Amino acid sequence: MTRLPEFSLSFFRPRYWLLWLGILILRCLVLLPYPLLCRIGCGLGRLGLRIMSRRVNIARRNLELCFPDLAKDEQEKLLIKNFESVGMGVIETGMAWFWSDARIRKWFTVTGYEHMEKARSGQRGVLLIGMHFLTLELGARIFGMLNPGIGVYRPNNNALFDWLQTRGRLRSNKTMLDRYDLKGMIRALKQDEIIWYAPDHDYGAQNSVFVPFFQVPDAATTAGSYMLVRGARPAVVPFVPRRLPDQKGYELIILADISEELAGREKEFVATRMNQTIEEAIRLAPEQYMWLHRRFKTRPPGRESFYSKK
């Protein structure tokens, strides 16, 4: 069972002072008007493009692998936009953790909410398929304001940050579960809860299957979603928190339930269909996806790495 982090007086030790300072700066920063925050976020992203060379190379490689039909100059334009979104992701984390409900409501609209209403009318749990968009913290806060649920997360190695992110995420949701706590997820789904689950990162060869993702035919994809679908038979509803252009705010896009397609199917089919769903979502806002992670780190035995070791 997942044990959530608790506040500790040890967080006032000198080792945490720099993090406290960063959080204080972020807390003050998000008091500014949203259009100004957009300019600051994009500026942070362009700065990151200059100093985060390793992450830039990873993102560039991921874009080459996933969008090989794009001309090189188009890939570079997408890379720049993506790092502007990285900067905005920092700002949006502060917005998610510190903005009031009233202020958040001013800046988002919802599309496709009827899919969630239909899923909830079936009196069963909902596996809410989130993806690692750079808007994910704010997206989870927005969705929780509409339908509070249970988040799935990786505990942070920094105890203070782990407490801070959990506290921020619980502003509009019920609780959190460790991403390896599959029994807890299945139990919650059987109790008709909503579970926010992201199946789109590389979690290693163990408990993964190699199936296509974009133009990569053998991407390591977690089999966790298969076990959740088989074990709890929930509705499976994807959603996308998309940042709108021209500083207009956000659109929460809720897509149709795909559970009927997955019922009774083998794990390779479920993983492939999940990846197709994630691809469809990413194409709605490709510049806002978290390309700076090594999504294709795990390779089949004997295959070379996609990423330079330099």
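**Exercise 1: A loop residue**

Task: Decide whether Asp246 is buried or exposed, and state where Asp246 lies.

Solution. Step 1: In this predicted model, Asp246 has a relative accessibility of 64%. Step 2: The cut-off for exposed is over 50%, so Asp246 counts as exposed. Step 3: Asp246 is placed in the loop between β8 (235-243) and β9 (250-254). Step 4: Asp246 and Arg167 are separated by 79 residues in sequence and by 31 Å in space, C-alpha to C-alpha.

**Exercise 2: An aspartate in a strand**

Task: Determine whether Asp218 is buried or exposed, and identify which side chain it joins in a polar contact.

Solution. Step 1: Asp218 belongs to strand β7 (residues 216-222). Step 2: Its relative accessibility is 11%; buried means under 20%, so Asp218 counts as buried. Step 3: The side chains of Asp218 and Arg299 are joined by a polar contact of 2.9 Å. Step 4: When residues up to four places away in sequence are not counted, Asp218 touches Phe210, Val211, Arg299, Pro300 and Arg303.

**Exercise 3: A strand and its partners**

Task: Describe which way the residues of strand β3 (residues 150-153) point, and which strands β3 is joined to.

Solution. Step 1: In a regular strand the side chains alternate between the two faces of the sheet. Step 2: In β3, Ile150 and Val152 point one way, while Gly151 and Tyr153 point the other way; all are buried. Step 3: Strand β4 (residues 175-178) runs parallel to β3 and is joined to it by 4 bridges. Tyr153 has Asp178 of β4 opposite it. Step 4: Strand β5 (residues 194-197) also runs parallel to β3, with 2 bridges between them; here Gly151 has Trp196 as its bridge partner. Step 5: Together, β3, helix α8 (residues 159-169) and β4 form a right-handed β-α-β unit.

**Exercise 4: The nonpolar cores**

Task: State which residues touch the most other members of the largest nonpolar core, and which helix gives the largest share of this core.

Solution. Step 1: The largest nonpolar core has 52 residues, and those touching the most other members are Leu127, Ile195, Trp291 and Phe296. Step 2: Helix α3 (residues 53-66) supplies the largest share of this core, with 6 residues. Step 3: A second, separate core holds 37 residues, including Leu26, Ile142, Trp163 and Ile254. Step 4: Beyond its neighbours within four places in sequence, Ile195 has contacts that include Leu127, Ile150, Val152 and Leu177.

**Exercise 5: Positive phi angles**

Task: Give the phi values of Phe214 and Gln247, and classify the exposure of each residue.

Solution. Step 1: Most residues other than glycine have a negative phi. Step 2: Phe214 has a positive phi, near 55 degrees, and is found in the loop between β6 (208-213) and β7. With 8% relative accessibility, Phe214 counts as buried. Step 3: Gln247 also has a positive phi, of about 60 degrees, and lies in the loop between β8 and β9. Its relative accessible area is 31%, so Gln247 is partly exposed. Step 4: Arg233, which follows helix α10 (residues 224-232), has a positive phi near 50 degrees.

**Exercise 6: An annotated segment**

Task: Find how much of residues 16-37 is helix.

Solution. Step 1: An unreviewed UniProt entry annotates residues 16-37 as "transmembrane region". Step 2: Over residues 16-37 the chain is 77% helix and 0% strand. Step 3: The end C-alpha atoms of this segment are 26 Å apart.

Note on methods: Residues are numbered from 1 along each chain as its sequence is written. This is a predicted model: local features need pLDDT of at least 70, side-chain atom pairs count only at pLDDT 80 or more; totals for chains, interfaces and linings use all residues. Side-chain values use heavy atoms; hydrogens and water are left out. A nonpolar core is a set of buried Ala, Val, Leu, Ile, Met, Phe, Trp, Tyr and Cys residues joined through side-chain atoms within 4.5 Å. Buried means under 20% relative accessible area, exposed over 50%, partly exposed in between (1.4 Å probe, protein chains only). Contact means heavy atoms within 4.5 Å. A polar contact is a pair of N or O atoms within 3.5 Å; within protein, one must be able to donate a hydrogen and the other to accept it, and residues adjacent in sequence count only if both atoms are side-chain atoms. Two strands pair if DSSP finds at least two bridges between them. A crossover is right-handed if, with the strands pointing away from the viewer, the path from the first strand over the helix to the second runs clockwise. UniProt positions are given in the numbering used here, feature names are shortened, and annotations may be inferred rather than shown by experiment.
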